[in-house]
Structures are given as structure tokens and as C-alpha cells.
Amino acid sequence: MTWLDKTREIMAPDRVWPFLTPEVPATLDVSKNVILYVEGLSVAFDGFKALNDLNLYVDDGELRCLIGANGAGKTTLMDVITGKTQCDSGDVYFGQTINLLQRSEPEIAQLGIGRKFQKPTVFEAQSVFSNLELSIKASKGIWYNLRANLSGEQRDRIDFVLELIGLKAQHSMLAGALSHGQKQWLEIGMLLVADPKLLLIDEPVAGMTPQETERTAELLTSLAGDHTVIVVEHDMEFVRSIARKVTVLHQGSVLAEGTMDEVQNNADVIEVYLGSEL
Ligand SMILES: Nc1ncnc2c1ncn2[C@@H]1O[C@H](COP(=O)(O)OP(=O)(O)OP(=O)(O)O)[C@@H](O)[C@H]1O
């Protein structure tokens, strides 16, 4: 093909370039009050089943804790929900209609699913406010002009989030000067500015002081209702302090589900985890 042919092909009026087509916003349908459906999910790495026919249903506005020993499959489950890992079989639906397995990682983020990894990844050389500003602009997609001024609505949202994460007084401080706990809250704030429907939070209190842990418990419980929050955590005392419903994973499947008291008294959980930390 000559360069002329190539140019003609690119400029052809009926040519549709996927990256130029306007995004069709998918409407989240939570009419059955369930925001996340995971059914029969299996993922194998070199024949090893990290997830094994896993079923999980999370209600809209719920705060769910996901616990289980190292290697139980918690991270793999988060990776599939957020489009980072492909599954071998199963279904993952966001509300009644959005099939997450057909979406890419950025599309899933745009749909309103935010993920926070264990280690904070804030921009240390930027102020707390700038971190939130960058995040709210980035959430608008790759075509959004990062140099554009914040709208009044965006500014209000940032102020609201600063209040929520308890960093209003630190808004002009460099993020690098924050304590470990404050960095974690800032990163949660960076997700919140985009007003996600579902938040996946990995080990939020690892390395925090008792006071920071307590503040984090208040923050996460205050988010539930407006947002659905799934927290992966090893700190059982923290889980007890925030959890209404706990899901215990074991070898890639759900071993038990219920209140903290129910799962701790569950015969299967006792048999598997007796004498060891969950
Ligand atoms: N990319 C990969 N390649 C090979 N094996 C993997 C991969 N990712 C995870 N695994 C394996 O799958 C299993 C489940 O891992 P996963 O990280 O999901 O567990 P986890 O419950 O999150 O553990 P932890 O609490 O230690 O984070 C583990 O045995 C792990 O070694």
C-alpha cells in the first residue's frame, strides 16, 4: 500500500476510529440492590487455581470486608474486578447489566470503580490540593485538558473531600510531608473526588498508628451508603471495628460469610484457621 492509499484509508469519511468515537455512558442498574455480582469465577496461574468457582454478591452501599490467609485469592479477585487479570471462566457484573469482563481497566475505572492499593502512591512533590486537583481532572478521561481551570463544581467537590478525609488544614502542604496515615487518606480522597460507586481498598491500616487506624475506621464507615466499599484487611481487630458483613476466602473460594462473630464461630473457618491468624 502506498502512502497515498494509506492516507486515503485514514481520511475515508466512513472510517470509524474507536478512540474518536464518543463514549456511550453505561447506566448502572442497582434496581435489585446488588452492585456487584461475581459468579463461578475461576482463574488459574500455570494450572494453580487462584480463584476456584467463586461466588460473591455485594449490596449497593454496603461496607464488606474480605479476609483470608495469604494466597487465599483476595488480590486476584480485585484484579479480575478491575480488569487487570483475565479470568478463565465465570461472570462479573457491575449492577444488573454491565459485564465487567468485556471492559478494559481504564473503562472500568471510568464506570465508577476505584481501587486503592496497599502502598500510597500520592505525588509527593505536589500539595495535597494539587493531588486532588490532578486526580479530579484525570478522572475525566484522557481527552480532558489538565491545564483547564477547575469548575466551581469541581472545587466544591475537592473541598468536600478534604473535609471528609480530615486534611482541610493540610491542603497546601506537600503530600511528601504527610504522615503515612495521612497519605493513605489522601489517596482515598484522590479516588473520592471522582465520586466512584464502588471502592476496593487493599489493607488500608497496615503501618498506621492506633489513632490513624481509628480515624480510618470512621472514614470508611462514613463512606458506606453513598459508596459501596470492599476492604481487604488482615488486621482482625480493625475488621471487627468496621465490618457488618465479612467474607472469608480460602483457596480461591468463599469459605464463610456473615458477621464477624458468625464467621469466627463457623465450623469450617475454625477447622481451616484454628490456631492461625486469618
Ligand atoms: N501472576 C501470578 N502468577 C502466578 N501465581 C500467582 C499470580 N498471582 C497470584 N498468584 C498465586 O495465586 C494465589 C492467590 O494469590 P493472591 O495474591 O490473590 O492471594 P491473597 O489472598 O491476595 O494473598 P495476600 O493476603 O498475601 O495478598 C497465590 O498462591 C499466588 O501465589
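Val128, Asn131, Leu132 and Ser135 in helix H4 meet Leu186, Gly189 and Met190 in helix H6. Contact here requires C-beta atoms, placed from the backbone, to lie within 7 Å. The model is predicted: local features need pLDDT of at least 70, side-chain atom pairs count only at pLDDT 80 or more, and totals for chains, interfaces and linings use all residues. Residues are numbered from 1 along each chain as its sequence is written.

Of the residues in the contact of H4 with H6, four are nonpolar, three are polar and none is charged. Ala, Val, Leu, Ile, Met, Phe, Trp, Tyr, Cys and Pro count as nonpolar, Asp, Glu, Lys and Arg as charged, and the others, Gly among them, as polar. H4 spans residues 128–138 and H6 spans residues 180–192. Helices (H or I, at least four residues) and strands (E, at least two) are DSSP runs, numbered from the N terminus. The axes of H4 and H6 lie 8 Å apart, at an angle of about 30 degrees. Axes are lines fitted to C-alpha atoms, for helices over the stretch in contact, and angles run from 0 to 180 degrees between N-to-C directions. H4 and H6 are therefore roughly parallel to each other. Angles under 35 degrees count as roughly parallel, over 145 as roughly antiparallel, 65 to 115 as roughly perpendicular and the rest as oblique.

H4 also packs with helix H5 (residues 152–164), at about 130 degrees and with the axes 10 Å apart. H4 and H5 are therefore oblique to each other. From H4, the contact draws on Phe129, Leu132, Glu133 and Ile136; from H5, on Gln154, Arg157, Ile158 and Val161. Five of the residues in this contact are nonpolar, one is polar and two are charged.

Elsewhere, six strands form an open sheet of mixed pairing, in the order S6-S7-S8-S3-S9-S10. Strands pair if DSSP finds at least two bridges between them. Strand S6 (113–116) and strand S10 (253–258) are the edges, each pairing on one side only. Neighbouring strands are turned by 20 degrees against each other on average, direction ignored. S6 pairs with strand S7 (residues 198–202) in the parallel sense, over four bridges. Lys116 stands opposite Ile201 in S7.

Two helices pack on the sheet. Helix H2 (residues 74–81) touches S3, S6, S7, S8 and S9, and its direction makes about 150 degrees with that of S7. Helix H7 (residues 210–223) touches S3, S7 and S8, and its direction makes about 145 degrees with that of S8.
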